[in-house]
Every structure is written in structure tokens, then in C-alpha cells.
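Let's take a walk through this one together, chain by chain. Have the viewer open and follow along.

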Amino acid sequence: MNQACSPPGTPFEAVAAPSRSPARGWRFPGGPGRDAALRLLSWAVPVLLLLIWEAAARLGGLSPQVLPAPSKVALTAWKLILQGRLLSDLGASLLRAAAGFVIGGALGLALGTAVGFSRLAEALFDRSVQMLRAIPFLALLPLVIVWFGVDEAGKIFLVSLGVLFPIYINTVLGIRQVDPKLLELGRVTGLSTWALVRRIVLPGALPSVLAGVRYALAVAWLALVIAETLATTTGIGYLAMDAREFLRTDVIVLTVLIYALIGVGSDALARALERRCLRWHPNYAARGRA
Amino acid sequence: MSSDGTELALRVSGLQRRYGPRWVLRGLDLQVGRGEFVVLLGESGCGKTTLLRALAGLDPVDGGHIDGPRRPAVVFQEPRLLPWDVLWRNVALGLDERSGRALAEAALTEVGLGDRLEEWPHRLSGGQAQRVALARALVREPRLLLLDEPFAALDALTRLRMHELVRQLVARHQPGVLLVTHDVDEAIALAHRVLVVRDGLVAAAYPVSQEQRRHRGAAEALRRQLLSELGVDGDLPDSVSSSLIPRKVYA
């Protein structure tokens, strides 16, 4: 302590040196207690907003036609679940998204791996893929309806298309960034081409591929929302369109919330996948511990 | 068979390599016996790394013959561990999936890392990582081991420990060894034979006795001679390379 004139332990010292550790004790709880308090605070704000919304709706400040109370939306959700509609529609939407994601993702990964790995494949495919990528895929929607009608296939096609490009681009990029010294090591060790891809190329490209997956998940939901609101007889989007006919604002708000929850859920899934697959990476390992 | 009757691990004759108009290797001849430790000493750009890459099958040659194993084991200047694989999987790279783990465990135990089979590479120090690279090279029981300045990036003390470890491993596994370095003291400490490479040819060969490897005093004349081969004035008592190594370690 540089304040030699004041006897240690007096209140004066604590006030005079607020940045030192003894002072921190009474200003804010330190360590894990402080983290918990901050976490609580971060949740308190959205909960407070929800309460304000509820209060405004109940006191008549908000018309139920404009924005029904959260409790009303929750009640609607419960009724729809009891009718068996909500879960079957949710299932239909999730199935479409999953099918489109798997098809588009597998295609993007396979094409990206080939193009990243071989000059020949790059010459064959890259320019065409880049040209197709220039089309905003949602602009294809009218064409998709002409091709596939209001069938499942059209929606899955649209989701696949939206997913394909981000995964393709990030795979090519990831493979290009694999350390050439490690590839050299693979050759010296006598790995076959397949073993080289499996043990060195793909793991090295994985951080970039997973970043593509996260982005692609967001695109997949966007594609699904658009596809489902235009032509469909099942799914969350259909629920919303159906509700619009009857001015059921509570159902519409519910579908919007469900889309948001699915978005949050898929992002959490992608991050869990990153933590699992990138355990070896110092950056991700550190984030995993935090 | 070499002149003294031992089995040959490598015979190179008339090896040529050029980059554009410049000849980097100009008909280089070289032999390494089984269990023999040969050090290639030379300045940067003399062709020694080019030679090693050609022997490893990484670069093509423009002429001459290489008579040796098609796939020698190589340790590079950097450990080149796969960051996404734990240590034993790094060592077992390219081995049969079933027998790989037991072999890797034995090899890692030999380099003193037998208790860290499941460790991620990013948790290792530079010296430890290079020990894993050594284990990976030796797990295949190679007939020929190529070492491309594998200790250059390590601190002086770690380097000395690695010298001792490499000596033991080579004595036990008996591969022919070709080590590339520009460090005269490292060359003397490890080599049975030092070859000075200059202008793409072996310019001079110096046998090193066990006495000279073990005791710095006995190797003083050789050390001066090698330094002058590299164009460093032999009168300097402590050259740049040797001043890094504390004398008492050799005493």
C-alpha cells in the first residue's frame, strides 16, 4: 500500500484505494457469486419485458387483435397441443428442414471437398456453382411452385438450395486452408488418398465447415418460412396462414415464437457440435470451459 | 554392403536436382550403413535440405540413383502433429487400426510420454511435441531415418536432452540415420560420420570417434576444422553456434 500515513484496515484506506482487492469486497460480490448475479440480471430484463407486455394487454393498453397477452398465447399453444395440431405441424416443418438440410449439406460438402482437393474438379464445377450462387434462391420460388406444385418436394428443394452454397463455400475455403506441411507429412507417412482426406483434409477443414453449418441453419429456416407461407397444407407456416384467415393473432404470434425457438435451438445444436468436434482446438476448448 | 562389411541403409549416386538454371545438387554421392549416424553439415542453401526432401520422396530429382527404402521415416524441423488427434493417434497415423494403439503406446513410452496417450498436441511443449514426432518416425521400425534440423527450434538445454534421447533410440532400433544441420556441435555430438555439403556436392567427410562425441576437449581440433569448412574463422574460441551450449554439460 502506498498510503503509509493511514493505519491499515481503516475505512479510509478502503475508500482511498477503490481499485485494490480489499475494496472490491464491499462494492460487488466477487468470483462465482458475481457471475451468478450478472447471469440473473441478463435474464431479468427479458422477463421484465414479458411482464410489461402482459400487464399492457390485461390493462387494455394493447388490443388483443394487435398483440395478445403472452398468457393468452401460451394458452392457445396448450389448446393446439391438446388438439394434436401443433405437434404434427411442428413435426412436418422439422422434417422438411431436416430433409432439405441433409440433402443440401451432403451435396455442398461433397462438391466442396472435391473442388477444394482437386484442380480438375474445380475446373469442372466451381464456375457453374458460383454462377448459380449469384441467384437469390428465394427468387426461384415461383419457378419452384411451377415445377413441384405445392408438394413437399418443392419446399425441400428450396431448403436444400439455400443450405448448399454456404456449406460448399466454407468447405472449399476450409480445405484450402489446411496446412500444406501436414499434407506433406501424410504423403511421407504413405497415407492413401482416402486416408489423407479422412485423417488430415476433412478434420483440418472442420472449423470452417462448421461455421458454414451454422450459417446454413439460419438460411434453412428462412427458406422454410417463405416456402411454407406460400403453398402448403401442413406445417408451422400453414398454421400461421390459416390463422390469418380467421384473424387469430394469438396463433400467429405463437408461430412466430416457435420459429424463433427453433432458430435458437438449432444454433445451440450447432454450437454443441462445434464444442464436441473441435475439442482439440485451443480456442474452442477454452470457450467450452468458460 | 559398404566397405567395412555392414548392411547399407542408403546408397545415393550422382544425384542431380536443379531449380531453373541453377543446379542445387550436382551429382552427389552418399552411403549410409544400417545403424550408422551420418550428419550432413552445410550452410543454408548448400542443397542439404533439397537432398533430404528428394530422399523422402517429396521432391523429384533430375538425375542419379537413390537405392534405399521407398518410404523412409522423416522428422521435420517442426513436429507437424495433427492438432485434432490425441498423441497415440498421431503416432499410429498410417498404421493398422487394430495394432496401432499398442505400437503407439510402446513408442510413446520410449520417448517418455507413455502416460499421456490421450493428451491433445496443443498442451505439449516444443520439446515434448518433437519427442512425439520421433516416436511417430520410429514406430514403423524404419530402415532409414531422415532428420531435417529437428532440434533447431528448441532451446539449448532441451536440445541436449533430445541429443541423448536420439542417441539411445538409434542405438536400440539401428536405423541408418541422415541428419541435416548447420550446428557444428550438434554434428559432433551425434555423428559417426560428418559430411560437409558445399555447392551440391559432398565436399569433405570426417569420421567422429566415440571419444570425440563424448568429450568436448577431444573434439576441439575437429570442431575448428568443421567451422573452417563452413567458412567461419577457426581462431574464434566460441563461435555463434557453440556458445549456445554450456560447457559444463559436456565436462
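From the N terminus on, how do the elements of chain A run? They go α-α-α-α-α-α-α-α-α-α-α-α-α, which tallies with a count of 13 helices and zero strands for chain A. Keep in mind as you look around that this is a predicted model.

So what sort of chain do those helices build? Of the 290 residues in chain A, 29% are buried. Now take the contacts in chain A with a separation of 6 or more: 67% of them come from residues 24 or more positions apart.

For a close-up of the helix packing, go to helix H4 (residues 70–83) of chain A and helix H5 (residues 85–117) of chain A. Two packed helices are described by the angle between their axes and the distance between the axes. Here the angle is about 85° and the axes are 4 Å apart. Since angles of 65 to 115 degrees count as roughly perpendicular, H4(A) is therefore roughly perpendicular to H5(A). On the H4(A) side, the residues that meet H5(A) are Ala77(A), Leu80(A), Ile81(A) and Gln83(A). Their partners in H5(A) are Arg85(A), Leu86(A) and Leu87(A).

Time to hop across to chain B. The two chains touch: 13 residues of chain B are in contact with 14 residues of chain A. On the chain B side of that contact, the residues divide into eight nonpolar, two polar and three charged.

Within chain B, zoom in on strand S3 (residues 37–41). Is S3(B) enclosed or open? Five of its five residues are buried, so S3(B) is largely enclosed by the rest of the structure. "Buried" here means 20 or more other C-beta atoms within 10 Å of a residue's own. In a regular strand the side chains alternate between the two faces of the sheet. With that in mind, check S3(B) face by face: Phe37(B), Val39(B) and Leu41(B) are buried on one side, and Val38(B) and Leu40(B) are buried on the other.

And which strands does S3(B) pair with? One is strand S7 (residues 176–181) of chain B, paired in the parallel sense over five bridges; look for Leu41(B) opposite Thr181(B) in S7(B). Another is strand S8 (residues 193–198) of chain B, also paired in the parallel sense, over four bridges. There, Val38(B) stands opposite Arg193(B) in S8(B).

Conventions. Residues numbered from 1 in each chain as written. Chains lettered and ligands numbered in written order. Predicted model: local features only at pLDDT ≥ 70, side-chain atom pairs only at ≥ 80, totals over all residues. Buried ≥ 20, exposed ≤ 12 C-beta atoms within 10 Å, placed from the backbone. Helix = DSSP H or I, 4+ residues; strand = E, 2+ residues; numbered from the N terminus. Pairing = 2+ DSSP bridges. Contact = placed C-beta atoms within 7 Å. Axes fitted to C-alpha atoms, helices over the stretch in contact; angles between N-to-C directions. Parallel < 35°, antiparallel > 145°, perpendicular 65-115°, else oblique. Nonpolar A, V, L, I, M, F, W, Y, C, P; charged D, E, K, R; others polar.
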